[in-house]
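Dear colleague,

I am handing over the structure below, and after it I set out what was found. Please read the notes alongside the sequence and the coordinates.

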Amino acid sequence: MAKILEPISDEELKRITVANLRNEYKKLADFYRKIINGNLIYCSHCGNWKASKSFYLSDKSPDGIEHYACKECILSECTDFDPKTEIRTDNKEKTIATFKKLDWYFNEKIYNDQLSSLAEGTGEKVRGTAVQQWIVMCRSLNDYKLKSFSDSEFDIEDVDKENSPEDIRIIQKTIKKAKKRFGSDYSNEELMFLENEYQDWVSRYECSQKAQELTFENLSILKLMKRNALKKGLSTKDIDKSYQDWLDTGNLKPKQNTLDTFSDAQTMGTLIQKYEETRPLPDVDPELEDVDKIGLYIDAFYRGHASKMLGLKNRFSNIYEKVMSKYAVNPPSYDEESDSEILFDKIFGSQEE
């Protein structure tokens with residue numbers, strides 16, 4: 001319950017003097033005047049009314065104040081506090097989660113640099129935690145202040161140092177795309193897994209509707225959940241059931257993929273590839289290969305004739321000569337030894353006659 005000033009009770013009013021009543025009125029009026037003028041702001045986290053300077057500024061709020069929580073409460077949400085030692089330590093996961101609620105820009109590299117500066121004790125003014133130093137930067141510099149959490153940048157984990165700058169750029173782009181699709185509650189490795197799984201689904205099946213996108217996103221998340229559960233040795237029974245339910249929703253189960261539904265669920269390219277690999281067209285019966293001899297005519301009178309004109313010796317010119325030999329007229333030929341005597345006898349007659 002917020003701590004606010006209230007008018008005195010009727011019993012107190014009967015006993016109070018005029019001078020004290022005037023003071024109580026001035027105190028009450030001054031309290032509400034500060035609220036109306038924006039000098040006092042209520043913090044929903046700690047339940048206290050605090051001076052406006054105890055809150056961060058916000059361009060998204062009508063009065064220019066960030067009403068999510070006061071500065072002290074935001075710091076508490078971003079860090080861990082040990083009441084025994086009264087030491088406050090940074091917590092990156094909590095910081096990212098809080099910045100997401102506030103829709104503030106977060107840069108993991110700069111945050112890590114602040115952690116290093118804090119550990120080394122360097123910098124012009126080193127504050128107690130890295131998040132305090134980062135908040136001062138992101139809430140004061142326009143390059144950061146005008147950005148939102150969707151513009152946040154995170155370091156790439158477990159990236160081979162031998163990767164080329166182009167490979168690193170592609171990985172960063174993939175992580176940014178995955179973060180926009182699945183949110184920022186996952187590690188970079190998990191985001192890479194989710195995005196690759198999602199792209200694998202959309203490359204195999206048509207994805208032109210919002211419902212289909214939602215189906216593939218949930219299937220990707222459930223597969224990641226199963227992988228993480230198996231790593232921890234936990235049961236995946238409920239995850240498997242949810243996975244099967246989403247397959248059923250998207251008509252993606254093998255038993256649902258009849259010829260019609262399977263064809264409708266795939267793109268033309270993937271469908272042709274599947275048929276070429278699993279059900280290729282059989283070879284044509286030799287008797288039906290070229291019934292009208294169209295292929296022979298093209299080889300002979302088009303390609304063969306062109307080859308003959310250009311003086312090329314190839315199989316098409318040979319086909320042309322073979323076909324044309326049927327229509328060629330050749331002069332008669334005879335054997336000089338045997339045919340010459342027969343021809344002479346036909347002209348001049350034989351001696352036996």
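The secondary structure of the protein amounts to 16 helices and 4 strands, where helices (H or I, at least four residues) and strands (E, at least two) are DSSP runs numbered from the N terminus. Please keep in mind that this is a predicted model, in which local features need pLDDT of at least 70 and side-chain atom pairs count only at pLDDT 80 or more, while totals for chains, interfaces and linings use all residues. Residues are numbered from 1 along each chain as its sequence is written, and side-chain values use heavy atoms, with hydrogens and water left out.

Of the 353 residues of the protein, 27% count as buried; buried means under 20% relative accessible area, exposed means over 50%, and partly exposed is in between (1.4 Å probe, protein chains only). The accessible surface comes to about 25,300 Å², and carbon and sulfur atoms account for 53% of that area, as computed by the Shrake-Rupley method with a 1.4 Å probe, where for residues only the protein chains shown count as cover. Among contacts (heavy atoms within 4.5 Å) between residues at least 6 apart in sequence, 44% join residues at least 24 apart.

The interior

The largest nonpolar core has 27 residues, of which Ile74, Phe99, Trp104, Phe106, Val131, Trp134 and Ile135 touch the most other members; such a core is a set of buried Ala, Val, Leu, Ile, Met, Phe, Trp, Tyr and Cys residues joined through side-chain atoms within 4.5 Å. Two or more residues of this core come from each of α3 (71-78), α4, α5 and α6 (130-138), and α6 gives the most, with 5 residues. Apart from this core lies another, of 19 residues, which includes Phe193, Trp201, Phe216 and Leu252.

Within α6, the buried residues are Ala130, Val131, Gln133, Trp134, Ile135 and Cys138, and they pack against α3, β3, β4, α4, α5 and α7 (142-145). Phe99, if residues up to four places away in sequence are not counted, touches Cys78, Trp104, Tyr105, Phe106, Val131, Trp134, Ile135, Cys138 and Phe149.

Cys70, in the loop between β2 (49-51) and α3, is buried, with a relative accessible area of 1%. Its contacts, again without residues up to four places away in sequence, are with Cys43, Cys46, Lys50, Ser54 and Phe55. The C-alpha atoms of Cys70 and Tyr56 are 7.2 Å apart in space, for a separation of 14 residues in sequence.

Rings and charges

Rings of Phe, Tyr and Trp (its six-membered ring) pair if their centres lie within 6.5 Å, and planes under 30 degrees apart count as stacked, over 60 as edge-to-face and the rest as tilted. By this rule the count comes to 12 aromatic pairs. In one of them, Tyr42 and Trp49 have ring centres 5.4 Å apart and planes at 45°, so the pair is tilted; Tyr42 is partly exposed at 31% relative accessibility, and Trp49 is likewise partly exposed, at 25%. Ring pairs also link Tyr56, Phe99, Trp104, Phe106 and Tyr111 into a cluster.

A charge sits over a ring if NZ of Lys or CZ of Arg is within 6 Å of the ring centre and within 35 degrees of the ring normal. Lys147 lies over the face of Tyr105, at 4.8 Å from the ring centre, and the charged end of Arg227 is placed over the ring of Phe193, 4.3 Å from its centre.

Glu108, in helix α5, counts as buried at 7% relative accessibility. Its side chain is joined to that of Lys92 by a polar contact of 3.1 Å, that is, a pair of N or O atoms within 3.5 Å; within protein, one must be able to donate a hydrogen and the other to accept it, and residues adjacent in sequence count only if both atoms are side-chain atoms.

Loops and backbone

Most residues other than glycine have a negative phi. Glu86, however, has a positive phi of about 55° although it is not a glycine; this residue is found in the loop between β3 (79-82) and β4 (87-90) and counts as exposed, at 63% relative accessibility. Asp103 also has a positive phi, of about 60°, without being a glycine; Asp103 is in the loop between α4 (92-102) and α5 (108-120) and is partly exposed, at 31% relative accessibility.

With best regards
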